Number of protein chains: 2
Amino acid sequence: MKKELYDQVWELSKETALMTSVCRLLEWDQETYMPQGAIEARSMQVEKLATLAHKMGTAPKFGKLLAQLETTDVPMPRKAAVREWRRDYDLAKKLPSSFVKKWAKTTSTALHVWSEAKKNDRFKLFAPHLEKIVSLARKKADYLGFKDHPYDALLDNFEPGMNVQTLTPLFETLKGFLSGMVKKIGEQAAPDTGCLHGEFPSDKQLILAHEVLKAMGFDPLTSRLDQSVHPFCTGLHPLDTRMTTHIHADQFVPCLYGVIHEGGHGLYNNGLPPEQFGSPLGEQISLGIDESQSRMWETIVGRSLPFCRFLHPKLRATFPDQFDGVSVETLYHAINHVKPSLIRIHADELTYSLHIILRFEIEKALIEGSLKVKEIPEAWNEKMGTLFGITPPSDATGCLQDIHWSMGAIGYFPTYTLGNLYAAQFFHTFQTHHPDWKDQVAHGNLLPLREWLRQQIHCHGKTYTAAELCHRVTGAPLSPQPYIDYLTQKFSTLYTL
Amino acid sequence: MKKELYDQVWELSKETALMTSVCRLLEWDQETYMPQGAIEARSMQVEKLATLAHKMGTAPKFGKLLAQLETTDVPMPRKAAVREWRRDYDLAKKLPSSFVKKWAKTTSTALHVWSEAKKNDRFKLFAPHLEKIVSLARKKADYLGFKDHPYDALLDNFEPGMNVQTLTPLFETLKGFLSGMVKKIGEQAAPDTGCLHGEFPSDKQLILAHEVLKAMGFDPLTSRLDQSVHPFCTGLHPLDTRMTTHIHADQFVPCLYGVIHEGGHGLYNNGLPPEQFGSPLGEQISLGIDESQSRMWETIVGRSLPFCRFLHPKLRATFPDQFDGVSVETLYHAINHVKPSLIRIHADELTYSLHIILRFEIEKALIEGSLKVKEIPEAWNEKMGTLFGITPPSDATGCLQDIHWSMGAIGYFPTYTLGNLYAAQFFHTFQTHHPDWKDQVAHGNLLPLREWLRQQIHCHGKTYTAAELCHRVTGAPLSPQPYIDYLTQKFSTLYTL
């Protein structure tokens, strides 16, 4: 008996997904356990598999079957899968393989040079490579196509459907609000952050991290936590979620809150329907939605007072010397200390998005040609002055700090802040359905939120676009207001503004 | 400029090798860190990659280029690479893909049934599956082709060039010698093995294992040691050797000597020339030669008196309570305790090969049709009686103990004993070049042996066949005599025969 057309397309798509999944294992292994001497062999393996996956994803046979499938009447949610297959196929086909190769080669070299340039604080070393990348990114935008702004094409790659026109007013509103808040807070006395620094043995930090993951609903049968230099989360399959953490023996926040962050990503992956593996109905919607999950857990939940109540006895039991005489309130204030600083990844909840907006503005200007690569350091430092009132003492702690551009990931940064916005808007709805959430969280019962996210978001895969999902879950389009309200309420109380 | 023909073939071969290497990572991960819930997804990944690797290895383009290459004059050692490419290509082409699929399906099911059958001691459950496997193995032999005995085709798959005609007299000689020795030793008093059992904390066992690996010349830059239920060694690349161990908290021998064994395999992998990756000149010769490396390190070196001298102070320092008052000689006698027993993997150096010979005889009879599957338990127990003087109380501890047949690995067992024979013959030559080896080893200097093996064996990849290598290194064809001499000398002294 001949297979249904949909199943034939899915079968091919599943093969590509298997290759992608293996690529993720190769990358996970590279960051966790691979002996360093194997790096060259690993690059060859990843390149080979990525090429194969691309070839499978753009195979004429797949295109033909998909076109046939589109002429038939497919009901929802499969209709959505067809839509997404079409999108992925077209995107992949739009880039000539000569371009893909050139892109891979340019970014691979640039990544190495960036690392050197950052180490030696020499932007000039990196500049010619970044110039090539910006020029290729513009070309990429041309290949992919756009209506209004070339940056739209790049943005859409990471956040389907998003564009400069939608993003600019969102970010403008947010920028005004955030800089105002940061300024007001800057006039207040800083909280006591003594409990954040000291001695936190690695093994104890790990035990605590596992405890929190367990409370979030993780099961070792389908997930694991390892250590790597840069924390990340990758999903090989809904039943195989891999998170990593990096432990600093003199602080507990980076590991603990890093784990809660990656845990948010991990729950999204774990919550995807395994029976839909290999089809868009088994995939995350976008980077922004994915980031909304990690940021919701890390900040809205993790840095809330109720969560501190849950955490406080655990911290006292795990690090008795450190938390001797430290109250829940002191902990809560300490982990929400707002202070303009140089490095994005160490930023607090309020200043974080300002770092993103700065990058968005520079990226957009680079792509539209109104800013030259060599002008980046000046533009960066000027914006740091305006937004934060501080000037980076070096490019290493300024425009060279992030890896993204060297990898060609232009259009990626905005998804971090979109994640914050989606998170607040989703959580606002969650609160109306679970008015007792604070009590629950304070008692360590995190499962109602996980369950709600599963039902509302995770289990649907890519059935809905980000915009559709937002409307469906919250009844409104994406707006900065819920995030602004949330931050206002939280930080007004914390700092008695 | 057009690439040289040899390089074109190598290029394609390297792509296949990369896939195989990724398969090995998938398998390594499955046994070490993979969350158990991911097992189904993992099977799909492995199947997909194995299929791709097979497809690449049998691609018409590869066959055409190889045939062209064979018409040109290729000097050694590349000539050897061409010979091996031809062998692999022909072997892979001989099996129709319908057969390969049937084989994979049958063994996959059989593996699960065997596991159940062993657990419940029910050979009858496994018998119909083993019947299918034996029948498919005979078919496989027909596809692969053979001159004298169908078992030759299966044997040649694991140990190129080996056949029943060569193996039978080797094993007959060995069998006579070993049963005689075992019988004589059985009449002697058993050594004091008290130091082998007690409390050996896992973390301390691991530290000791790493120390020994370091002494063998391992570098964390190119190798690692992890834990798994069944210990193994896999090579992803000469610069990426992965070994595993299984720790029993009440014994130190399984972990320590398991690690030395896997270390022997690991050094072979580490010693292959990385610049030859993807060609036969960068691969191990055969399972027998590979096993010669592991057994040489584990038994001839590891269970020698000089090695005990090296180990003794370490054991005393690591497990002071256990080794209080235990002399080097007591340790040496304890770890060389000869005692007929039921389980192959727990067998001592003398009885081990008898377990193998028993399996060889049964496999050969099954394949030539002189023994039926249902008659295996009786044949097994009868042979156990003759060879060891003991009768298994159950099939679980008898003919159901090994996983091999359920995986279709008929013709594999003999390579274990061939490994012992090669090891003794190689080591005999090593001794003549390094008459001071005992002194060196007693002082923990294991590097001369590693270096000698690298130069004599590892660095050549598949330049020589097993028979050629044996001749080249030892000046003689494979013979049981060096092994018999080695065992005679060792155990005569140990047991004052």
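## Close-up views of a two-chain model

**View 1. A:Asp29 and B:Arg242 are both buried.** Buried here is under 20% relative accessible area, exposed is over 50%, and partly exposed lies in between (1.4 Å probe, protein chains only). This is a predicted model, in which local features need pLDDT of at least 70 and side-chain atom pairs count only at pLDDT 80 or more, while totals for chains, interfaces and linings use all residues. Residues are numbered from 1 along each chain as its sequence is written, chains are lettered from A and ligands numbered from 1 in the order in which they are written, and side-chain values use heavy atoms, with hydrogens and water left out. Look for the salt bridge that joins the side chains of A:Asp29 and B:Arg242, at 2.8 Å from N to O. A salt bridge is a side-chain nitrogen of Lys or Arg within 4 Å of a carboxyl oxygen of Asp or Glu. Helices (H or I, at least four residues) and strands (E, at least two) are DSSP runs, numbered from the N terminus.

**View 2. B:Glu15 and A:Lys48 meet in a salt bridge through their side chains.** The N to O distance is 2.8 Å. This pair also crosses between chains, with B:Glu15 in helix H1 (residues 5–32) of chain B and A:Lys48 in helix H2 of chain A.

**View 3. Chain A and chain B meet through 34 residues of chain A and 34 residues of chain B.** Contact here means heavy atoms within 4.5 Å. About 2700 Å² is buried between the chains, and carbon and sulfur atoms give 71% of that area.

**View 4. Four salt bridges link chain A with chain B.** Between the two chains there are also twelve residue pairs in polar contact, both residues being at pLDDT 80 or more. Which elements of chain A each supply at least two residues of the side that touches chain B? They are helix H1 (5–32), helix H2 (39–57), strand E1 (223–227), strand E2 (233–237) and strand E3 (240–245). H1(A) gives the most to this side of chain A, with nine residues. By residue type, the side of chain A that touches chain B divides into 20 nonpolar, seven polar and seven charged. A polar contact is a pair of N or O atoms within 3.5 Å; within protein, one must be able to donate a hydrogen and the other to accept it, and residues adjacent in sequence count only if both atoms are side-chain atoms. Ala, Val, Leu, Ile, Met, Phe, Trp, Tyr, Cys and Pro count as nonpolar, Asp, Glu, Lys and Arg as charged, and the others, Gly among them, as polar.

**View 5. Helix H5 (residues 97–119) of chain B holds B:Ser115.** B:Ser115 counts as partly exposed, at 34% relative accessibility. From B:Ser115 to B:Phe126 is eleven residues in sequence and 8.9 Å in space, C-alpha to C-alpha. In this helix, the side chains of B:Glu116 and B:Lys119 meet in a salt bridge (3.2 Å, N to O). About one helical turn separates B:Glu116 and B:Lys119, because they are three residues apart in helix H5 of chain B. B:Glu116 is partly exposed at 36% relative accessibility, and B:Lys119 is exposed at 62%.

**View 6. B:Glu84 sits in helix H4 (residues 78–94) of chain B.** B:Glu84 is buried, its relative accessible area being 8%. Leaving aside residues up to four places away in sequence, B:Glu84 touches B:Pro280 and B:Lys462.

**View 7. Zero disulfides turn up in a search of the whole structure, over all chains.** B:Cys459 is in no disulfide, and the nearest cysteine sulfur, that of B:Cys470, is 17 Å away. A disulfide is a pair of cysteine sulfur atoms within 2.5 Å. B:Cys459 is partly exposed, with a relative accessible area of 32%, while A:Cys399 counts as buried at 4% relative accessibility.

How values were computed:
Buried area is the accessible area (1.4 Å probe) that two parts lose on being put together, summed over both.
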